[in-house]
Structure formats: structure tokens, C-alpha cells
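This briefing covers the annotated domain, the nonpolar cores and the ligand surroundings.

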Amino acid sequence: MKWKEQLLQLTPYQPGKSIDEVKKQYGLDKIIKLASNENPFGCSEKVVEALNNAPLTFPLYPDGYATELRTAVAEHLKVNEEQLIFGNGSDEIIQMISRSLLGKGTNTIMAERTFPQYKHNAIVEGAEIREVPLINGEHDLDNMLASMDENTSVVWICNPNNPTGHYIPEHQLLSFLEKVPKDVLVVLDEAYCEYVDASDYCESISLLQLFPNLIILRTFSKIYGLASLRIGYGISLPNTIRALEPVREPFNVNRAAQAAAIAAINDRSYVEQCKQKNREGLELFYHFCMENKLECYPSQGNFLLIDFKTDGNEVFQYLLERGYIVRSGKALGFPTSVRVTVGSKEQNEGVMKVMGDYLTYKASCLESAKAQ
Ligand SMILES: *Cc1c(COP(=O)(O)O)cnc(C)c1O
């Protein structure tokens, strides 16, 4: 078969072991998953209500224009309905952008390390990838600008950045946007924006009028707690949305996702509560890191990258065998770290206890090695 040759260098996404598999393998009866930055509190009660009351019209295709959801999101963001595009997760918007703008002869710029789907999709499309190393967990915007040339089509900015949790202060983002050539699409992935509490985080929607080459990505998978329903969206000027629409599959967002997302976006107090509890959780982790002399980046998201200065896979495995699934930093480009999602109070205390046990175990290994 004549597969695109770039596909040969890709491996499919490796999902973590399922909760049931881990239970069986290690004889555990409770597993806490803190690996994919899902909301530990689930979704709003209003969502459950909306889904229970939704008519069961399984045989009919969903509304391909997501009309009601479109109205709800447009009102919430104070944008026009023509400024929105919905996807089967924001992952699908990343795919649509890549499909529309990337190919042989183009290049695309992103941080090294950031959300892996930008690179993955760019490879599928055969574009040249230019990765610009982070500095202390932060985007190196100057170097990203310097890496652009006349063949640059898309630049990806993840704000806050996954996996480091860093955010870009408003003045830096503005000065970057002013310098990006007008024919380069800037993708601002704000999957975690609802968690941010930095006062100089950019209110990006208002930038769309100033920078027509900007598209903002948001998702219902994180703070809204709807990861399994797969729904996210892009916000840009109508011209950009119109250009992307032809690559969108006609019925890409299912009916349940649309109904759930309307209820979710209208329950502001739920979002506020989750944000608050996330802050409290982050503080606990910072405290833990300080007490144990572990380094971590300050995070504006619902996750934390903690450097154990040892093999990240080993920390991952130790936690896994004791019922906590986190992400090893190995696959994320931080081989001595793990990324942990901030959970509920009880989950946070539980995982920190086991992390503490790991450190004690590690210290005793070193002691006995010395003694020999
Ligand atoms: C989780 C995540 C997404 C993907 O969200 P979906 O809407 O579930 O596809 C996109 N970008 C970043 C940075 C993420 O962490």
C-alpha cells in the first residue's frame, strides 16, 4: 500500500492502562486516576439533569450546526455566532486547522514541550515541524518569532501550557501577536483558561478584533468535566471560521454533548467552585514540594509537573502499584518528573502520602547502597 511515508514515523496514542486492568494486575480495589487533567468532581448537576431530560432521539443525526449550543456559547463569550466552530473535542479543531493549513512545503512552529497533538497532526499532514525549547517551562516567544519564515503557516501557543502549567502574561502575548506576520495563523489553546487566577492573564476574546490571524481553542473536557462526551470549540473572526468549515465533518458533535455543554456553560457557580477547590489543591501540592525539597513549576492549570530528580517512570510505577495513576514525565519530555492532576482533597492527600512513602523508600535505598 502507498501509505503517506510520514505515517511510518508515528505511533498511535498510547492510552494509559484502564482502571480495571490496573485493579486486576495489582490486586487493588480502589484506583484514583490523576493522569489526564479531568475534573475530579465530575460535571455539574445541571448537566446530569439536562441529559436525563433530553429526548432520546438516537436514530436522528444531531444538529450539525449546534444551533442552541452556538447561541449559548456566543452569549456567554459575547461574540457573534459566526465566530464559533465546534469540534469532537478541541482535538478535532486542531485536526481541522492542520488539515486546512499544513502540508508539504509549509512549516509550523510550537514549543518543545507542549500538547503533543499539534506535532502529531502536523506530521500527518507532512509539514515541517519547528520546535522551540521552553525556557524554564515557558514559551520562548522571541525564538518562536525568529523561527518563522515565508513558509510558516501555523504557530501553536498553549496558554497555560500543558505539561508545565505556565501562562504567558498579557503584555508578552500582545507584543508577540503584534510581530507575527499577518498570514500566519496563531492558535491559542486555552484548554485550562477557566482555572487561571493570574491577574495579568490575557482576556483573549477581545484580541480577535485586533489580530484577525488569531484563533482561540477551548474545551468542555477539563473544568466542565465532560471529557467523555468529546466537545470543544474554536473562536475566531467569521472569515477564519468560514475557511475551516468545509473540513469539518457535518455531524461531528453528538447530541448528548451539545445538550450537556449548554447546561455546563450556564452553570457558572459550579465552574467557580471547581476553580476554587483546584487552587486549594495546588497550594497543598506546593507545600508538599517545599517540605520535601522537590521542584515544581507554578501552575495555572489543574495539574502540576513535579521533579523527583529520579526516573519518572519509577515514580509512576510506585504510585500505580499503590492505586494512583499519574503521567510519567518521560513521555512528556521531562524524564525525571511526573505530572499529577489536582484531585479532590482526599485524593490529593492520598497521592501525596504515597509520594512521601516513595521518597522515604528512595532515601533508604540510597542509605543501604552507601552502607555496602
Ligand atoms: C486536554 C487538552 C486538549 C484536548 O481537549 P479535548 O477537547 O478533550 O480534545 C487540548 N489542548 C490541551 C492543551 C489539553 O490539555
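UniProt positions are given in the numbering used here, with feature names shortened, and annotations may be inferred rather than shown by experiment. UniProt, in an unreviewed entry, places the feature "domain: Aminotransferase class I/classII large" at residues 30-352. The model is predicted: local features need pLDDT of at least 70, side-chain atom pairs count only at pLDDT 80 or more, and totals for chains, interfaces and linings use all residues. Residues are numbered from 1 along each chain as its sequence is written, and side-chain values use heavy atoms, leaving out hydrogens and water.

**Annotated range**
- Residues 30-352 are 36% helix and 17% strand (DSSP runs, H or I of at least four residues and E of at least two, numbered from the N terminus).
- The end C-alpha atoms of this range are 16 Å apart.

**Nonpolar cores**
- A nonpolar core is a set of buried Ala, Val, Leu, Ile, Met, Phe, Trp, Tyr and Cys residues joined through side-chain atoms within 4.5 Å; buried means under 20% relative accessible area (1.4 Å probe, protein chains only).
- The largest core has 57 residues, of which Phe176 and Phe220 touch the most other members.
- Helix 9 (residues 255-266) gives the most to this core, seven residues.
- Domain 1 (15-42 + 269-371) and domain 2 (45-266) both contribute, so this core lies between them; the bounds come from an automatic or database domain assignment.
- Another core, of 23 residues, lies apart from it and includes Tyr318, Leu319, Val338 and Tyr358.

**Ligand surroundings**
- Around the ligand are 13 residues (a heavy atom within 4 Å), of which Ser90, Tyr192, Thr219, Ser221 and Lys222 come nearest.
- An N or O atom in the Asp189 side chain is 2.6 Å from a ligand nitrogen atom.
- For Thr219, a side-chain N or O atom is 2.5 Å from an oxygen atom of the ligand.

Key: Buried < 20%, exposed > 50% of the residue type's maximum accessible area, 1.4 Å probe, protein only. Polar contact = N/O pair within 3.5 Å; in protein donor to acceptor, adjacent residues only side chain to side chain.
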